[in-house]
Structures are given as structure tokens and as C-alpha cells.
Amino acid sequence: MDFYYLPGSAPCRAVQMTAAAVGVELNLKLTNLMAGEHLKPEFLKLNPQHTIPTLVDETGFALWESRSIQIYLVEKYCRAENACLAERLYPQDLQRRAVIHQRLFFDVSILYQRFAEYYYPQIFGQKLPADADKLRAMEEALGFLDAFLDGGQRYVAGGDHYSIADLSILATMATFEVAGYDLRKYVNVYRWYEHLQSIAPAANKNTEGAKIFGRYFSEK
């Protein structure tokens, strides 16, 4: 299946790790946003929002938004082939699934959003100085994540196996790391991060892609 992506993108990396977890091979289609490739008519036919990541499966079905893609990959390609793994990645139990959803929504609307609000003005566009209020908001989000992992929780949505929420947030946290933020300030987060890096499928692709994104910081 075709996967329109950029390696530096945290959402794209989350999908790559999920695909590796379920055993799906992606046909990588590098999409140069700076060159406007996402605005070409053929891409707009696939995704009118012209965003990445965008997945097109073997039936021609197109889907975007990384967390939606993660769920789709597990439901379609893993549940029939490896129900036990699918149950660990995205359980059927409504309460377990609800917590995973909450963590995914937290990632997209709070954790990565506040990272972007703090760091993007410093590395893109006018390259503005750091904003203390936005730093506090970002660190509040990290504090929330630290609380989710309190009490020795091994995974962000609980349980005894990583879920798709862990993979999504792992991609986000790798981006924090290449930004130069010291994750050791948050003991639970750092413990979880070190563990996930050692067990997540395609964790090397996540690390490599984050380093590509990190080049923006070296150019500040």
C-alpha cells in the first residue's frame, strides 16, 4: 500500500512503527511539502486536506491523520492474522480502548500541539525567541504524561503490553529529544521512553526520522 510521508514527521513515524508491529509493508512515497507536492491535483484527489501522512491501501481506499491510520492498520491487517497481537495493540474491551483513545487525543491536541506551539516559532518562519508561557504550557503537558505513568505504569494506557497510543507518543517524544529537551526531568516519562525505544517495532526508523527533523534545530 502507498504511504505518502516525510521521515521527519512524528505522525508519519508513528504509522511506520504501527505498520511494522502488524507486519504490513508500506510503499514509501516521499512527499516534499516545501516543493508543494502535497498540492498537486493527483494528491488532492486522494486527500483534499493535503496533509501527511496519507495511506492508500490495495483497494484504493485513502485515509489520513496518523491515529486513524494506526487504528485502521490494526483492525484490517492484524486482527484477522494475529488476533492476540491486535488485542494487545488495540483491545476490544471498551474501557481499555477508551483510555487508548484518550491518550491518542491527548497526544494530538495537547502534547504534540504544545510542543509545536513552543518550538515551531523558534525554528520556522520568523524564528522568534522562546516564549516562557508556551514553555510552561508544554511542560504542563509533559507533567500530565508523567502522571499517566505514575505508580510504575509501564505503558501510557496501562496494561502489560504497549498499544498504538505508546507508538504515537513515542514518535512525539523522540521529537522532544532531538529538540534538546531534557526528558530526565520527568522520571516516569524517561523510564517509559527508554523502555519503549528498546522494544518498539521499527524504533530505529523513528530515531532516524527524528534526527532528520532535528536538523531544523541545528539551523536555528
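Which residues lie nearest the centre of the largest pocket?

1. Basis. This is a predicted model, in which local features need pLDDT of at least 70 and side-chain atom pairs count only at pLDDT 80 or more, while totals for chains, interfaces and linings use all residues. Residues are numbered from 1 along each chain as its sequence is written, and side-chain values use heavy atoms, with hydrogens and water left out.

2. Largest pocket. L6, S9, L33, I52 and Y120 lie nearest the centre of the largest pocket, which is lined by 30 residues. A pocket is an open set of points on a 1 Å grid over the protein atoms alone, where a 1.4 Å probe fits, with protein on both sides within 12 Å along at least five of seven lines; lining residues have an atom within 4 Å of a point. The volume is about 930 Å³, taken as the space filled by probe spheres set on the points.

3. Lining. The elements giving two or more residues to this lining are α1, α3 (66-78), α5 (94-123) and α9 (203-218); helices are DSSP runs of H or I with at least four residues, strands runs of E with at least two, numbered from the N terminus. The largest share, six residues, comes from α5. By class the lining has 17 nonpolar, eight polar and five charged residues (nonpolar: Ala, Val, Leu, Ile, Met, Phe, Trp, Tyr, Cys and Pro; charged: Asp, Glu, Lys and Arg; polar: the others, Gly among them).

4. α1 with α3. The axes of α1 and α3 come within 9 Å and cross at roughly 10° (axes are lines fitted to C-alpha atoms over the stretch in contact, with angles from 0 to 180 degrees between N-to-C directions). That makes α1 roughly parallel to α3, the term for angles under 35 degrees.

5. α1 with α7. Helix α1 (residues 10-22) packs against helix α7 (residues 164-178) at about 140°, with the axes 8 Å apart. The contact includes R13 and M17 of α1 and L167 and A171 of α7; its residues divide into nine nonpolar, four polar and one charged.

6. Backbone. I52 and P53 are joined by a cis peptide bond, with omega about 0°. P53 lies in the loop between α2 (41-46) and β3 (54-56). H50 is placed in the loop between α2 and β3 and has a positive phi of about 45° although it is not a glycine.

Key. Contact = heavy atoms within 4.5 Å. Parallel < 35°, antiparallel > 145°, perpendicular 65-115°, else oblique.
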